[in-house]
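Hi,

Here is the structure I promised to pass on. Have a look at it first, and then read my notes below.

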Amino acid sequence: MSVDWSGLRPGDELPPMFYGPVSREQLAAYAEASGDRNPIHLDDRVARAFGLEGVIIHGMLGMGILGAALGRWAGAGGWVRSFEVRFARMIRPGEPLTARARLLRREGGRAELEVWIDPGDGSRATRGRAVLEWEPGTASTTTP
């Protein structure tokens with residue numbers, strides 16, 4: 001997906017990026033890869049013992065999904081300068097995830113964004129800010 005940055009103004013949303021719901025198999029694979037084998041991400045019985053409705057996805061997995069979207073929004077010649085999030089709501093396996101972003105400010109080859117993961121209910125489960133940058137003269141830095 002390419003983004004035509006030249007037409008975006010502060011307050012505009014970037015094209016959303018949809019991700020299939022995270023499966024339990026993906027949670028298990030992420031736990032192995034990350035080393036975070038906390039059972040609240042893998043075992044419903046344990047998650048319920050801690051007052052949850054069932055297992056939840058790793059917060060860093062949600063952040064990773066958002067980070068992947070940032071890379072795609074930046075496109076060729078662009079990069080993520082900074083990225084910070086807060087885990088505001090737990091995400092359960094099976095929830096449809098959409099990465100969203102709103103342009104806050106753009107100057108030359110730099111764009112500041114408000115970013116979030118919508119887990120299908122309009123809330124902002126993982127939310128924060130990011131800065132994207134581009135090399136001068138690339139298509140992504142074209143100004144109107």
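Below is what I found, starting with the whole chain and then going into the details.

First, some ground rules. This is a predicted model, where local features need pLDDT of at least 70 and side-chain atom pairs count only at pLDDT 80 or more, while totals for chains, interfaces and linings use all residues. Residues are numbered from 1 along each chain as its sequence is written, and side-chain values use heavy atoms, with hydrogens and water left out.

The chain has 3 helices and 5 strands. Both are DSSP runs numbered from the N terminus: helices are H or I with at least four residues, and strands are E with at least two. Reading from the N terminus, the order is β-α-α-α-β-β-β-β. The C-alpha atoms fill a box of roughly 55 × 30 × 20 Å along the principal axes. Of the 144 residues, 38% count as buried, where buried means under 20% relative accessible area with a 1.4 Å probe, protein chains only.

Now find helix α3, residues 59-74. With 16 residues, α3 reaches 23 Å from its first C-alpha to its last, close to the 22 Å expected at 1.5 Å a residue (the expected span is 1.5 Å times one less than the number of residues). Its buried residues include Leu61, Ile65, Leu70 and Trp73. The buried residues of α3 pack against β1 (17-19), α1 (24-34), β2 (78-87), β3 (97-107), β4 (110-118) and β5 (126-134). Just after the helix, glycine 75 takes a positive phi of about 70°.

Next, the largest nonpolar core, which has 29 residues. A nonpolar core is a set of buried Ala, Val, Leu, Ile, Met, Phe, Trp, Tyr and Cys residues joined through side-chain atoms within 4.5 Å. Trp5, Trp73, Leu113 and Leu132 have the most contacts inside this core. At least two residues each come from α3, β3, β4 and β5, and α3 gives the most, with 7. In soluble globular proteins, nonpolar side chains tend to be buried together.

Leaving out residues up to four places away in sequence, leucine 113 touches, among others, Trp5, Leu14, Leu70 and Leu132. Contact means heavy atoms within 4.5 Å.

One more for you: is histidine 58 buried or exposed? Histidine 58 sits in the loop between α2 (44-49) and α3, and it is buried, with a relative accessible area of 2%. Beyond its neighbours within four places in sequence, histidine 58 is in contact with Leu27, Tyr30, Ala31, Asp36 and His41.

Cheers

Notes. Buried means under 20% relative accessible area, exposed over 50%, partly exposed in between (1.4 Å probe, protein chains only).
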